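I opened my notebook to look up a few places in this structure. My plan is to go from one topic to the next and write down what I find.

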Amino acid sequence: MKEILSKKAAGFYFAALAGLVAIVAIIRYVAWAPAHNAMNSLILVALVLGLVIDIVLIFYDNNYLIVAATACYSVALFQLLADSVGSFVDLFQGIVMFGDSTQVGTIISISCFIAVSILASVVASFMKRVRA
Amino acid sequence: MKKNKLWTGLSSVFSFLLCFAIIGTNCALGYASTINGALGITTSKLVSTGDGDTEDTEYYKSGYGELNGDNLKKLIADTHAQTVTEEEEGAVLLKNDNNALPLSPDELHVTLFGHAVVQPLFRNSSAGSNASTGEEGIDLYHGLKNVGFSINDTLFNAYANSPTKRGVAGFNFVTQETTTWDFGEEDISFYTDELKASWENDYNDVAIVMLARQGGEGSELFMEDPEEGISQLALHKKEKDLLNMIKASGKFKKTIVLVNSGNPMELGWLEEYGVDACLWIGCPGEKGFEGVANILTGAANPSGRLAETYAVNSLSAPACVNNSFNNQTWTNLEEVLKNTGDSEEEASYYAVQAEGIYIGYKYYETRYEDLVLGRYNANGAAGSSTGNAWNYTEEVTYPFGYGLSYTTFEQRLDSVEVGEDTVKVQITVTNTGSVAGKSAVQVYAQTPYGEYEQKNFVEKSAIQLLDFGKTGLLQPGESETLTIQCDKYLLASYDYVGAKGYILSEGAYYISIGDDAHDALNNILAAKGAQGMVDLSGAAASGSPEKTYTWTGKFDDEKYSTSSTGVRVTNQFDDANLNHWIEGAVTYLSRSDWQGTYPAAVQVALTDEMMQIFNGELYEKPADAPSVSDFTQGDNQGIPLVTMLGVDYHDSLWETFLNQMTIGEMATLIADSFGTKEVTSIDKPAVAVGDGPDGIGGMVSAFDEAKYGFTAPTNCYTNESILASTFNKELMERRGALMGEEGLFLSIMENWGPGADLHRTPFGGRNFEYFSEDANMNYLCEIPYVTAMQSKGVNAGPKHITGNDQENNREGVACFFNEQAFREGSLRGFEGAVVKGNAHALMQGFNRLGLIGCSSSTALNTQVIRNEWGFIGHIETDATAGAAEGYKAHYTTNITAGTDSYCLDFSGTSTKVITEAITSNDDGYLLGSLRRAAHNILYVTVNSNIMNGYSTNSKVVAITPWWQPTMYGLIAFFAALSLLSLVMLTLSMLKEKKGNRDRKEGGQAA
């Protein structure tokens, strides 16, 4: 591992950050969604796929893969927000009807983790991930 | 930066944006109707294909003439005037010592107290017009200013600048709590010496204190609030401190309290704090504070009467034992949650309506009669607020029907004629005071409670509202005679044990008039020769027997055994009685033994047998179900929808018409998202609907600027309980007519309202948009409102049928009751709307009737509403919001039970589920239900103002909203950029690879 890391450039660490934060997002999502009838397999698959890609990037750097990781995390983020429109509506309307406004805090916190993964992936995309 | 890194980065950015565009578009399409509504987009248009149509296609005409900007301005002015009048006639003067009100012209230098003066409660949070919160809203400050008051701005501005803010439900990001509830009153430390100086020498003619109590949709008022752990309707410490400060200052000549609330406050403290006058103003809507100002100055003489009881202790209502915040959870909740597909919130709670018929005054007054007559253990301590023997004056501050005036009236009962179907009551009212005013005439009845009733658990209220009327403006000394035709049906009682139908009891019947329910009962007691009656203060009262009429009736279980449709009326809701499932689980409150039957918290487990019903998707394709192929669909005969205008609902032409539609087309109609989509094959336009009992809201809450040359919000009227308190059917009719006119100018097919549920407890979050605690009051108020609205071609949709009398746990709460209480209580307001008002739409409640959701109840939707009442129109769920799981997602069960449409189903989930269920199972029975639903929806659509302008030469053409191609364009744009950047990345990588190879080869060559 030490040998692997010795060859890595700054961009790699952003990709690694994206993966680490994605792990947190996955754990939080899996812990939260089933209990609130909010599990969407597309979100879970996209997050796991993004994480797998980030793991692969440890051993094999590839520009397409980092783009794919960004896309995966993006799908997860926007699908989560799209699924949660009702909860936001309830929050802003002050009613209980379309979703569950009490979960908006959790939704936003999970979204923030995924957004960090996206941002880190995008930054990593612009940077070198292995030393020449 | 190397080029391939640049392109990698850009590819990432563009892929991010592409995901946003794709998923965002998909999401937006799911909410297309909402977006269209918000943007004012109609998805269909009318194209005339005829040569010079000459027929009059204005099927529903406005009383204002042509639908243009000038006439709209007249309508808006009338709606504002109506709101002011409603407030003037609906606000109730509760206390007026020494004629403290009205104020004289030299008493107009005032100080406004209470945080509510800067945060007035125009209305509670719910569907409806929000005009009051905009520039159009007149608050108390401006209402008073406009009629010449000088107001202490120092204190007013201090309130305005204070961070204090009253709040109800919401989510607190910091505390992760489910509510941002805040009592919203200032601490006594707020009133600094500097502020106190502001009323030291001026603005001290009158201290006007405004206190607010706020609920709303999804926001029940607390039985134990976070502020002090006491009833939210009680006076709180901050308010006590404020009132003490005002009293102790000795500066104010008068103290006047305004109760700004859709719920009844506990007001037993008015004497203690030296309050001279108290006026309940409800939620005055957009302009109602002008009416409040007029009452304070005497420009208007208050004539409102309470439509609910003001208890000393709100928790003393027997309904509070098991309802609202006192719902119970199943004792085997863990097991229930394991075995249900419903969410925890939907499956956990049940409400046992052990109070039976004894809601509001029917409890307090009935127990009072039995106390006076010394029977039925009425003096027991059970239910007593003091813990001692139950005593009326320690329980009731102001009874149902109570209200003062600036003048006095004498009401004389001239005659009563008991006919076959009506009781004709003639009353002469004389203004015996010194100023002009209106008088509400309240006609009450008492029906016999004898051995048969006790044996069969037929409960009777000692006094019940039979009907009401209101005089015109009577000058001093002037008289007016009112003749009120009361519906004799309201004297019948539902006997769910013996006759299993409506009965007229044997024995003495009484008709009485009175200033309020208590007064009317005292008159009956006087007629009975009783002793020991008391007035509201506890002083001895003699009653006026001359204000009663009595006759002896015979037992009759035939007269009302069948409905007006000829259908036998008999038990339909036995399974909503918890005792049906668990023997002896509930003891319903009975006046035969107040002490022994006063409700207790009912705790039970959900048995396996109950679980099957509770949990079930109840519909299964019947063995003898026809095939889909047995129906004709898609056989377009070229019959446009407009042809069906005026065609009788039962005419066979409807079958031919429905044969034209495909299953998919019919299924699109059942997904309502504040309207339905166009169906061009039958020339059915896209239609919008409004939502709100106190003003048209939803997606159409403003008038179209392009059409009228200006825009303005729909009017926010007073809340429904203010309207009820006017006791003026002309005003109710006028409200309905004006909302109908607004609907015409908005081109909406229907409006969801009026509300028709009960004020089961004083804590109901939506009590403000329901008329009363009294079911007969609901029945009587619905009729003029609904009839007038529909006369304008705007269908009325009373809501929420039924039993949805609480906002706490409203989604899925299992309500258990006995059938007498249900028919004479929850159902009655809707019955008036349908049977007498001919309402064309009904919105269901979120609750369960026993174990079965309102939307899944065949007994409710098919047997009672359609078969017994003869309802023609569509029955809609409350907001399913396209639910994919839980009890709201029982689409096939609901439609086969009689539900027609699914509220706020933006994504068309119901359309997809029903279509799939029909086609994949070859289910002709379900298709038959879909045809029925389509028939009902189209019937009310075509018989509405929506068809104005349509002739047989009209074609409906679909319009694609501009935002949809824009979204698709964005997808294409980002897809192109993503592709381009990936191509460039590939090229740059190839170039780099080639460069590396060249360098490597160059190096080797070297």
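My entries below cover a chain contact, a helix pair and one glycine.

**Entry 1: where the chains touch.** I noted that this is a predicted model. I looked up the contact between the two chains. On chain B, 34 residues are in contact with 30 residues of chain A. I then asked which elements of chain B supply at least two residues each to this side. They are helix H1 (3-30), strand S5 (167-172) and helix H29 (963-1005). H1(B) gives the most, with 14 residues. I sorted this side of chain B by class and got 16 nonpolar, 14 polar and 4 charged residues.

**Entry 2: a helix pair.** Next I turned to H18 (residues 663-670) and H27 (residues 909-921), both helices of chain B. Their axes are 8 Å apart, and the angle is about 145 degrees. The crossing of H18(B) past H27(B) is right-handed. From H18(B), the residues that meet H27(B) include Ile663(B), Gly664(B) and Ala667(B). From H27(B), I listed Ser910(B), Ile914(B) and Ile918(B) among them. This contact has 5 nonpolar residues, 6 polar and no charged ones.

**Entry 3: Gly675(B).** I found Gly675(B) in strand S24 (residues 675-676) of chain B. Is Gly675(B) buried or exposed? I counted 22 other C-beta atoms within 10 Å, so Gly675(B) is buried; the cut-off for that is 20 or more. Leaving aside neighbours within four places in sequence, Gly675(B) is in contact with Ser33(B), Ala686(B), Val687(B), Ala688(B) and Val689(B). I also checked Glu750(B), which is 75 residues from Gly675(B) in sequence. In space, their C-alpha atoms are 9.0 Å apart.

Conventions:
Residues numbered from 1 in each chain as written. Chains lettered and ligands numbered in written order. Predicted model: local features only at pLDDT ≥ 70, side-chain atom pairs only at ≥ 80, totals over all residues. Contact = placed C-beta atoms within 7 Å. Helix = DSSP H or I, 4+ residues; strand = E, 2+ residues; numbered from the N terminus. Nonpolar A, V, L, I, M, F, W, Y, C, P; charged D, E, K, R; others polar. Axes fitted to C-alpha atoms, helices over the stretch in contact; angles between N-to-C directions. Left-handed = near helix turned anticlockwise from the far one by under 90°. Buried ≥ 20, exposed ≤ 12 C-beta atoms within 10 Å, placed from the backbone.
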